[in-house]
Amino acid sequence: MPSHILHALQECGFVVKECGSSQRHIPPHIHSMARCLCLCAVWVAVILGLGVHCDDTASLCGAYAPGDIILGILGSVHSTVIDLETRIRPDKYTCTDFDLIPFVESLAVIHTIETINDSGFLPGIQLGYQMCDPCAYGTKALQCVEHMLSINNSFPVLADNSNFTSSVKVFFGERYSELSIPVAKFLSLYMIPQISCTSSSPTLSDKSRCASFVRVIPSDVYQTKALAKLMKHFNWDWVGVVSLDDDYGKPALENFLQDSKEEHVCVAFQEVLPNYLGFKDTQQRIELVAATIRNSTAKVVLLILRAEHVEMLFQELIKTNTTRVWIASDAWSTTRFVMKIKDINKVGEIFGFTFLTGKIPGFEDYLKNLTVKQGVRNDFIREYKQMRFNCSHGQQSEHASPFACSVPDPQAANDDYLLHAVDLTEAYSQRVAVYAIANAIKKLLKCSDTACSGDADFMPWQLVEILHEMNFTLDKQMFSFDKLGDFRNGYDLIRWTMSGDERVPEVVGKFLIKNGDIEVYSDKIPWTNTTVPVSRCSEPCPVGTEKKISRISCCYNCTKCSEGFFSNVTDQPSCHPCPEGFWSLPGSRECQKWSIWFLEWSAAYSIVVMIGTVIGALLLVFSFIFYILHREKPIIKGILVISCLMKFGLMVSFGGVILFLGSPNIHVCRAQQTMYGLGFTLCVSCILVKALHIFLELMSCNPTKQRELRKFDKPFVIIGILTAIQALICIFWMVFDPVDVEEKQSKTQLLTLNRLCTQGFMYGFGAMHVYIALLAVVCFGLAFKGRDDKTDPIVFSMLIHLFAWLCFIPIFITQYESRPIVQISGIMVSNYGVIFCHFAPKWFKILSERSEILKAGKAPVASLTNDSDSGVISNFTSGLRESTHSIPQSRFSFAESDPSNWDISSLYPSEVSAASFRHRRQRSQRSRRSL
């Protein structure tokens with residue numbers, strides 16, 4: 001209680017017990033004299049609203065200040081409860097281990113409350129506070145809340161809590177989620193608002209369990225995302241995790257495992273430490289965890305621990321000079337006493353994320369002049385000064401001042417120790433939390449610049465709705481809570497930079513919740529040898545390879561990219577397919593444009609084909625002219641038309657060969673097959689007619705059958721029908737199984753597409769060639785049946801054709817890339833076979849005939865030139881040619897005359913001259929008739 005109220009009650013004759021004091025009894029002889037005055041004093045005290053109470057347990061009310069509206073503060077200034085494991089009776093808790101961080105945070109709350117009161121932010125309203133120390137223990141935190149909500153040392157139990165009221169309207173804290181969670185659940189029963197600056201467990205965002213809880217920091221849901229993205233940024237995919245077994249460590253670990261999986265970060269090991277520092281096996285567990293870290297291949301370790309656990313772990317690792325990259329959770333990322341551990345620079349790089357930070361105006365001066373105002377109680381300040389400046393007490397504390405023994409009054413002493421022992425910027429969130437509550441109260445009480453019209457004794461639940469909907473501005477920044485009661489402003493990424501034998505935090509990046517991206521200021525991170533440490537289960541895969549994942553997603557083997565795929569950066573999870581028009585070889589880092597292959601005009605084979613085609617065409621032209629010039633020869637006269645049709649068919653076939661050269665298209669593909677099929681069919685049909693005629697001539701021994709078969713001896717009808725059948729085959733082929741152009745990867749040339757004509761499903765192509773082969777077999781059979789000198793050309797030409805295609809067909813089927821070359825070769829061999837078997841012998845016979853005639857008539861002619869004009873010789877040769885034409889033949893004979901049967905020596909010059917004369921006369925008469 002405030003001292004003036006205590007004295008007033010004492011003067012009124014009451015027996016009172018101050019926190020930690022003994023009973024006092026007012027002597028009876030002054031009772032009557034003071035009664036009137038004491039009643040007035042008590043009344044004045046009540047009217048002034050200074051009714052802050054403290055229960056009978058001194059540790060439960062370590063600090064308080066009177067006010068119109070009381071704010072509760074839960075601050076674990078002490079971090080350990082003694083003998084908690086052996087506790088049997090519900091005795092008073094004994095707390096030890098003074099913790100400067102929560103102490104400074106509580107001072108930041110008190111300083112901000114005093115600043116608001118002094119500034120008139122709430123006109124006519126004074127904010128008071130009451131502080132309890134839960135000693136980092138959840139059960140004791142509930143005890144603190146129960147006592148601060150009690151009325152006259154008793155806690156009311158109501159059926160309907162909507163009318164529940166207490167002097168404490170809102171609670172600040174707790175620092176640790178392990179404590180905030182049970183308190184939040186308890187306060188949600190009465191909908192009393194609780195606001196925290198450091199409790200980040202995702203459980204506290206669950207409004208079904210923690211309905212009245214809000215906080216000025218983001219949930220750990222976002223912190224674990226930031227941690228996973230930080231590891232992904234540096235390609236650390238093999239990390240260890242050490243966490244606590246409390247309500248802070250468990251959900252944080254669970255969320256991190258989920259987020260790390262999304263970022264393809266794997267956990268090499270998971271270790272758990274007990275939250276309670278007084279646990280007897282804590283040191284043993286620390287040693288086991290340290291051994292696990294040493295033996296692991298993971299070079300990056302995430303520590304979701306309290307600062308005290310980290311201190312113990314680092315001290316153990318420093319003994320063996322174990323170096324790692326450490327990732328700090330928010331619980332210890334800015335803890336100064338860890339930064340000052342002896343040999344802290346031996347543990348390696350340390351990164352972490354911090355919440356909202358900033359500078360509290362006037363807070364440094366407040367700490368340097370730390371005093372307790374009149375009418376205010378703060379046992380924690382007294383304990384700190386005793387620890388800092390008391391000579392005998394300070395010898396046992398690491399926080400003792402070196403000048404402690406020279407200080408006459410510890411409670412009056414001050415220095416700047418707290419400014420260096422604790423990161424004051426971290427306490428900025430306390431200022432934000434107090435102003436959030438102050439703005440909510442201002443709105444609830446409808447305060448103007450001069451007064452507040454609302455009732456200061458409002459129901460606590462009325463603040464909850466206002467907090468969720470409120471936006472406020474502080475230090476030129478806008479703040480607001482989301483629907484879950486959290487801030488979503490993001491984090492600063494810090495690195496513990498070496499500063500002598502200590503470490504100091506330095507901001508080296510940030511994580512923004514809105515876009516979910518991490519930004520790292522790489523120029524502020526001086527890595528050793530300018531190389532980022534590697535922490536991977538497997539070595540990075542070089543370009544041109546992809547990961548072949550094993551049982552653990554981060555452990556893999558590197559395999560070359562398949563053909564048609566590429567990877568142009570290291571450590572690709574999978575190779576990318578090449579874009580259209582490009583291709584790659586196995587293990588490629590890039591794709592190359594396809595090289596298109598076809599029979600180019602400039603290729604050596606194409607030149608040979610063109611030369612062969614031109615020679616074949618010239619031979620056909622020569623043969624045509626030769627046959628025209630010697631059309632009266634018995635060997636030609638009867639077969640002139642058929643021979644010309646054969647030449648025409650072969651010329652068309654040679655034209656189809658030319659179409660195989662150059663880049664094909666669908667029209668060229670159709671034309672090349674059709675021209676060969678129809679052209680060569682026409683040629684073979686003519687040969688078939690010749691073979692049939694010879695076969696019929698040889699059946700003279702059976703006149704009856706000969707006469708019956710001669711009915712079918714219709715040369716042009718047969719040729720037309722046989723060629724028409726091939727035309728129908730080609731038409732059906734092109735309609736129902738059309739050819740097309742295909743680009744197919746070459747098996748012999750790298751990165752090459754063969755642009756070739758396809759034959760559809762090969763039915764039409766096969767039918768065309770089978771039909772030609774069938775005609776060739778029939779020709780061969782007819783000629784072989786009556787084989788003699790006349791049938792030899794047919795036999796050999798058909799054998800050449802059939803043999804060529806029998807040799808080429810297996811190659812055509814198995815060697816896809818060689819199909820054009822195979823077909824060209826087959827066509828050329830077949831065409832030249834016909835030329836040299838059917839036409840060339842006739843050239844030779846006729847030219848040989850003329851040579852023999854010239855030799856036989858050389859001597860007589862020479863004698864005639866002496867007595868006659870030179871025209872005699874001409875007449876002789878002409879007559880000789882005419883005499884050869886006069887050899888009787890059948891109406892339509894295909895028999896080839898043998899010059900050896902001719903009796904050239906029996907022809908006298910006079911007969912030759914006469915024959916020549918008659919020949920010229922007949923020709924002149926025909927000429928006159930034609931005129």
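Residues are numbered from 1 along each chain as its sequence is written. In this predicted model, local features need pLDDT of at least 70 and side-chain atom pairs count only at pLDDT 80 or more, while totals for chains, interfaces and linings use all residues; side-chain values use heavy atoms, with hydrogens and water left out.

Salt bridges were assigned where a side-chain nitrogen of Lys or Arg lies within 4 Å of a carboxyl oxygen of Asp or Glu. The count by this rule is 24 salt bridges. One of them joins Glu 263 to Lys 229, with an N to O distance of 3.1 Å. This pair links distant parts of the chain, 34 residues apart: Glu 263 is in the loop between α7 (249-262) and β10 (266-273), and Lys 229 is in helix α6 (residues 220-233). Helices (H or I, at least four residues) and strands (E, at least two) are DSSP runs numbered from the N terminus. Glu 263 has a relative accessibility of 17% and counts as buried, whereas Lys 229, at 24% relative accessible area, is partly exposed. Here buried means under 20% relative accessible area, exposed means over 50%, and partly exposed lies in between (1.4 Å probe, protein chains only).

A salt bridge is also formed by Glu 349 and Arg 495, whose closest N and O atoms are 2.9 Å apart. Glu 349 and Arg 495 are both buried.

Between Lys 633 and Glu 849, which form another salt bridge, the closest N and O atoms are 2.8 Å apart. Because Lys 633 is located in the loop between α17 (604-629) and α18 (634-637) and Glu 849 in helix α25 (residues 819-856), the pair ties together parts that are 216 residues apart in sequence. Lys 633 is buried at 8% relative accessible area, and Glu 849 counts as buried at 7% relative accessibility. Salt bridges with shared partners also join Asp 237, Arg 536, Lys 547 and Asp 571 into one network.

An open sheet of seven strands has mixed pairing and runs in the order β8-β7-β6-β2-β5-β1-β14. Its edge strands, β8 (213-215) and β14 (377-378), each pair on one side only. Two strands are taken to pair if DSSP finds at least two bridges between them. Within the sheet, strand β2 (residues 69-74) and strand β6 (residues 168-172) pair in the parallel sense over four bridges. Gly 72 has Phe 171 in β6 as its bridge partner.

The structure holds ten disulfides, each defined as a pair of cysteine sulfur atoms within 2.5 Å. One of these joins Cys 132 and Cys 144, with the sulfur atoms 2.0 Å apart. The torsion about this S-S bond is about -55°, so the disulfide of Cys 132 and Cys 144 is left-handed. The link connects distant parts of the chain, twelve residues apart, with Cys 132 in strand β5 (residues 127-132) and Cys 144 in helix α4 (residues 138-149). Both Cys 132 and Cys 144 are buried.

Cys 266 and Cys 554 are joined by a disulfide with an S to S distance of 2.0 Å. This link is right-handed, with 85° about the S-S bond. Cys 266 is buried, with 7% relative accessible area, as is Cys 554, with 2%.

A further disulfide joins Cys 537 to Cys 555, at an S to S distance of 1.8 Å. Its torsion about the S-S bond is about 100°, so the disulfide is right-handed. Since Cys 537 is in the loop between β19 (517-520) and β20 and Cys 555 is in the loop between β20 and β21, the pair ties together parts that are 18 residues apart in sequence. Cys 537 counts as partly exposed at 28% relative accessibility, whereas Cys 555 is buried at 11% relative accessible area.
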